[in-house]
Amino acid sequence: MSPEGGKRAQPTTSRLQLFFLVALAVLPGSLPQTVSTSEEVPRLDVFEVFGLLPSNKQLQVPFDPPFNTKDIDLQDFVCKLDHSMEYFSVIINARSPGVLSKLDLDGKPVLSRANLTRSRLAAGARMVFDIGVTDQTTRRFTLVVERRKGSSLELLGLRPVTAIGHNFTAPFRSGELQDHFEAEQSFYEDTFVLEYDFADGGQEIQCRIDDHETIGPDAPTRGQMALHPYRYVTSLEQLGRLREEPFFNLNSPGAGPTCRCKLPIDTWRRIDVGLRIRAADQVSRRDIRITLTRKGCAPDTFYHQGACLEHCPTFFYPQSFNWRCGKCNRHCEFCEHWHHCLRCERNTTMYRYELRGEGTCEQVRVHAYKVYYDLAQYLAAGCVALVALYAFVCAACVCRRALQKEGGGGANGGSGGGAGGRRRVLGGGYGGSVDEERQPLTAAMSRNGSGRASIGAGGLLRGHGGPAE
């Protein structure tokens, strides 16, 4: 190769090297990557605490802060048991290939995992677990388990579920002992739902209605309410009832017991809802008041099933003081108001409805076996109809056979008489036609012109006083 060719090849080689280096920089996956340091950190795979309730049911108690296997920065945790959880169990497992190299309880080593099951903890006491996980390096974790004393009066959560914005006008904070909250009910919801989370499973919380009043432009006066104690009371709130539904909510801030309070609220109404909290020690108490308001339809229109109507349907009556279609009382079809029925429902097979003097309808059971009695009547009527139809068909068949027999006998007699006539004609030697023999006697008499006629020996008709034919 000439020196000139060698000189020209050098830039080409340097360009290829530069291109290769750029490709490696752009494609980091082609280069060998080092293992992240986070993968080398020892971890816990399972880290849980279960509290035992008096009903012998185990519930998982959350940590503060929450435990996450992917988070390598959290090492210290606190777990607070309810006052009702006297016993608890701890489950600890290291992520492979790491192993538990240290497990101490209050500074003393735990010799067996069986010692972590059904550990007893007094009210207000605590236990400290010191845990070590080793995988080339050692990482330490700390867990503090506390049992509440039973004197807590706070709520971990308080949520007006059906209020506008699902919140109070002033936000609720679990750490503050606020005593009064305000909220506005949704226009389309007839039931107010309030959820509250217990700070201690031993707390007792009672939900009740402390006060209520009608608001709006046509609210009744005190004199009207005293004169008509039932007319100016909403049927929704009278016929409805307050319900409390306790359940265990793992999505609550405390991941513990929660209760849902449901109570009816009508349009253009204001209600004061009270929560009476009693601590688990049965000594400390606290009251929370929630003022709830709800607006309604414009005047001359009545709220019914989410719409404002001009007239109310059957089983409802117009409530002009809060512009609502109020529901009549039970088993009432037409009413003046919820406590004064005008006409009850129609009777059924099993029940009949009677209008009482106080304006209510009473459901009366007709008979325990009335349905079977009515069924037997229908079956008997069907059997009678079938028997009558069978008798009618039998009578029709008998009449038909009798008519067939009478018609057959007359035909046979006529044919016999004709044959005898023909024999008489042949025996007499008369050569007349057979049609003349078949003619009736009255016709022959009319041809003779006389009212009397005789039959000769040859079978011919002869009239007295007239020539022979």
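**A look at the aromatic rings**

Mentor: Happy to. Phe-168 and Phe-181 are both buried. Please keep in mind that this is a predicted model. The rings of Phe-168 and Phe-181 form a tilted aromatic pair, with 5.0 Å from centre to centre and 35 degrees between the planes. This pair links distant parts of the chain: Phe-168 lies in the loop between strand E10 (155–160) and strand E11 (180–184), while Phe-181 belongs to strand E11, 13 residues apart.

The structure has 13 aromatic pairs. Another of them joins Phe-67 and Phe-77, and here the arrangement is edge-to-face, with centres 5.7 Å apart and 75 degrees between the planes. Again the pair links distant parts of the chain, ten residues apart: Phe-67 is found in the loop between strand E2 (58–60) and strand E3 (76–81), and Phe-77 in strand E3. Phe-77 counts as buried because its relative accessible area is 2%, under the 20% limit. Phe-67 has a relative accessible area of 23%, so it is partly exposed. Both residues also belong to a cluster, in which ring pairs link them with Phe-47 and Phe-63.

Finally, look for rings with a charge over them. The charged end of Arg-118 sits over the ring of Tyr-87, at 5.0 Å from the ring centre. Likewise, Arg-294 places its charged end over the ring of Tyr-303, 5.2 Å from the centre of that ring.

Notes:
Residues are numbered from 1 along each chain as its sequence is written. This is a predicted model: local features need pLDDT of at least 70, side-chain atom pairs count only at pLDDT 80 or more; totals for chains, interfaces and linings use all residues. Side-chain values use heavy atoms; hydrogens and water are left out. Rings of Phe, Tyr and Trp (its six-membered ring) pair if their centres lie within 6.5 Å; planes under 30 degrees apart count as stacked, over 60 as edge-to-face and the rest as tilted. Helices (H or I, at least four residues) and strands (E, at least two) are DSSP runs, numbered from the N terminus. Buried means under 20% relative accessible area, exposed over 50%, partly exposed in between (1.4 Å probe, protein chains only). A charge sits over a ring if NZ of Lys or CZ of Arg is within 6 Å of the ring centre and within 35 degrees of the ring normal.
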